[in-house]
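Subject: Structure handover

Hello,

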Amino acid sequence: MSAQDIARKPRKAPTLASVKPISSAPSFYAAAAKIYPREVQGRFASARRLTVFVLLGLFYGVAWLQWRGHQALLFDLPARKFHIFGLTLWPQDFFYMALLLIIAALSLFFFTALAGRLFCGYACPQTVWTELFLWIERWTEGPRARRMKLDEGPWTAEKVLRKSAKQAAWVTLACYTGFTFVGYFTPIRSIGSQLVHLSLGSWAIFWVFLYSLATYGNAGFLREQVCKYMCPYARFQSAMFDKDTLVISYDTVRGEPRGARRRGSDPKAQGLGDCIDCTLCVQVCPTGIDIRKGLQYECIACAACIDACDDVMDKMGSPRGLIRYTTEHAMSGKASRIARPRLFVYGFLLSAAASAIVYSLAVRTPLILDVIRDRNALYREVHGGLIENIYTIRIINEDDKAHAYRLEAAGLNSLQVVDPVGEIEVPAGSVSTVPVRLQASGDVAEGVHAITLSIKAEDVPHIARTEQTRFIGP
Amino acid sequence: MIAPHSKRAEGRVRRQTGIDLALILWPSFLAAGLAGALFFAVVDPQLLRNAGPRLFDNLDRESGYALGFFFFWSIGIFSSAVSVFMIRSARPESSAIDCDDLPR
């Protein structure tokens with residue numbers, strides 16, 4: 001829907017509707033018009049520019065960061081190990097990844113309840129990459145009016161040149177993004193050098209291509225449609241909203257009745273509100289909605305309309321904030337509360353999950369011991385009236401340095417580790433499988449006994465594990 | 001369903017098909033990502049080497065992850081496609097209430 005269409009529509013007094021997954025937007029079947037977001041300057045545009053630089057800088061930069069001889073952040077799928085700076089997580093530590101995801105979800109709930117769709121407007125990859133692709137579009141095709149004219153016009157040499165420049169930049173950026181993304185799952189330096197030597201494996205090529213395609217499709221082609229049609233968060237955010245949640249609203253009371261007026265004239269004398277109906281708030285909207293119709297689920301809270309309107313209010317000599325961050329309570333003249341039960345509940349759950357992960361990482365023992373009893377023989381009688389049982393132990397050294405471990409058996413009188421007697425060396429981040437022989441004197445070994453096998457690192461006494469197993473006698 | 005008797009209607013049908021495709025591919029992609037992560041956190045793809053049909057005999061981990069992901073995705077696509085088909089093929093009066101009828 002273009003601005004002209006909206007301007008032509010009969011005007012109803014808009015109300016600040018509470019957020020519902022319903023909108024006045026056209027239904028699924030309506031043909032979508034291409035949206036040409038107008039460029040905007042202001043406080044929030046600067047904030048978004050900053051977050052784009054910071055977030056994309058982190059994404060493209062951190063992949064190349066090294067930490068003690070390995071990639072600092074690497075979810076090494078081929079090796080089944082996750083490196084997060086000094087921490088190495090094994091598949092056995094999946095618990096931490098699950099906890100991290102829960103923390104991410106709870107943070108989203110918390111910040112949504114507090115300040116609405118902060119995530120959508122500033123931090124969502126969809127917004128961030130779309131912003132970047134829009135910048136490229138502006139550099140190559142010019143500002144909004146020029147872009148619209150270019151699209152309507154015939155295929156001149158200039159149009160071909162501008163469009164191909166845009167596509168070339170988009171494709172290059174998308175490919176580099178795909179490459180970086182894959183670089184978080186396979187060591188980026190090795191796939192980088194493979195790429196230079198044209199020896200990249202077929203799966204690596206495939207995933208780079210797939211993620212390039214996804215970047216290009218989402219940020220260049222689909223854009224706001226991802227938010228409108230594909231994003232579940234846009235639909236269920238209402239569950240986290242209440243009347244004290246910070247949302248972007250048009251001040252209907254102050255703005256209406258809207259209408260054009262001469263600069264410097266008194267709107268009240270003409271029976272007009274502060275809205276001059278310039279439709280700039282609609283033109284800058286990346287999802288193409290009219291914020292004056294109330295809060296809609298398409299609104300990603302990017303605040304572009306606030307910047308645009310503030311600028312207009314400055315020019316008209318009216319106070320800023322005709323469109324502003326506010327709460328439904330504040331808008332209806334009631335007091336807004338920041339401290340409310342919802343925030344306490346989300347905040348409590350969030351801090352509980354965060355403390356759980358910090359605590360469990362602090363007391364985590366980077367060592368796993370698996371004990372498997374030999375399945376072929378229950379026991380063996382050896383000379384000297386001794387009974388012998390055979391085990392296989394698997395020692396996983398999850399630490400980033402090598403350790404020497406000592407094995408001990410307990411739980412039965414005269415129980416002794418016959419093999420291995422010395423220290424068991426396990427290199428950093430490795431698994432070692434060791435056959436173990438235990439012996440106990442025949443007169444105490446009769447029957448089945450619950451015993452324990454423990455390993456302890458010689459250099460760091462608190463790196464130790466104990467496992468239960470059985471010792472079987474005649 | 002809209003009969004494509006005008007250019008406008010044709011555009012709408014094309015657009016509906018596009019949205020349907022997104023509604024099928026996207027949630028199943030998310031589900032496949034989740035299922036893949038959970039499954040491969042427990043199962044090393046190399047363990048499948050001797051477990052299944054001869055197909056997996058020379059399976060390296062990367063192929064294992066990719067095959068697993070596409071397996072889960074295809075299951076998800078099937079499920080989403082059935083959902084979308086059931087919604088789209090329902091008689092209009094029994095399908096979802098028109099958005100314009102709902103209170104705002």
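In H5(A), A:Leu134, A:Glu137, A:Arg138 and A:Glu141 meet A:Arg146, A:Arg147 and A:Leu150 of H6(A); contact here means heavy atoms within 4.5 Å, and helices (H or I, at least four residues) and strands (E, at least two) are DSSP runs, numbered from the N terminus. The residues of this contact of H5(A) with H6(A) divide into two nonpolar, no polar and five charged.

The axes of H5 (residues 125-141) and H6 (residues 144-152) of chain A come within 9 Å and cross at roughly 70 degrees. Axes are lines fitted to C-alpha atoms, for helices over the stretch in contact, with angles running from 0 to 180 degrees between N-to-C directions. H5(A) and H6(A) are therefore roughly perpendicular to each other (65 to 115 degrees; under 35 is roughly parallel, over 145 roughly antiparallel and the rest oblique).

Before the rest, please note that this is a predicted model, where local features need pLDDT of at least 70 and side-chain atom pairs count only at pLDDT 80 or more, while totals for chains, interfaces and linings use all residues. Residues are numbered from 1 along each chain as its sequence is written, chains are lettered from A and ligands numbered from 1 in the order in which they are written, and side-chain values use heavy atoms, leaving out hydrogens and water.

Next, the cores. The largest nonpolar core has 82 residues; such a core is a set of buried Ala, Val, Leu, Ile, Met, Phe, Trp, Tyr and Cys residues joined through side-chain atoms within 4.5 Å. Buried means under 20% relative accessible area, exposed over 50% and partly exposed in between (1.4 Å probe, protein chains only). Among the residues with the most contacts inside this core are A:Leu56, A:Phe133 and A:Trp129. Not counting residues up to four places away in sequence, A:Trp129 touches A:Leu56, A:Phe59, A:Tyr60, A:Thr177, A:Thr215 and A:Ala219.

A:His403 sits in strand E11 (residues 403-410) of chain A and counts as buried, at 1% relative accessibility. Its side chain makes polar contacts with the side chains of A:Asp399 (2.8 Å) and A:Asp459 (3.1 Å). A polar contact is a pair of N or O atoms within 3.5 Å; within protein, one must be able to donate a hydrogen and the other to accept it, and residues adjacent in sequence count only if both atoms are side-chain atoms.

Now for some backbone details. Most residues other than glycine have a negative phi, and most peptide bonds are trans. A cis peptide bond joins A:Glu256 and A:Pro257, with omega about -10 degrees. A:Pro257 lies in the loop between H12 (252-255) and H13 (280-283) of chain A. That loop also holds A:Thr279, whose phi is positive, near 60 degrees; A:Thr279 counts as buried, at 8% relative accessibility.

Best wishes

Notes
Nonpolar A, V, L, I, M, F, W, Y, C, P; charged D, E, K, R; others polar.
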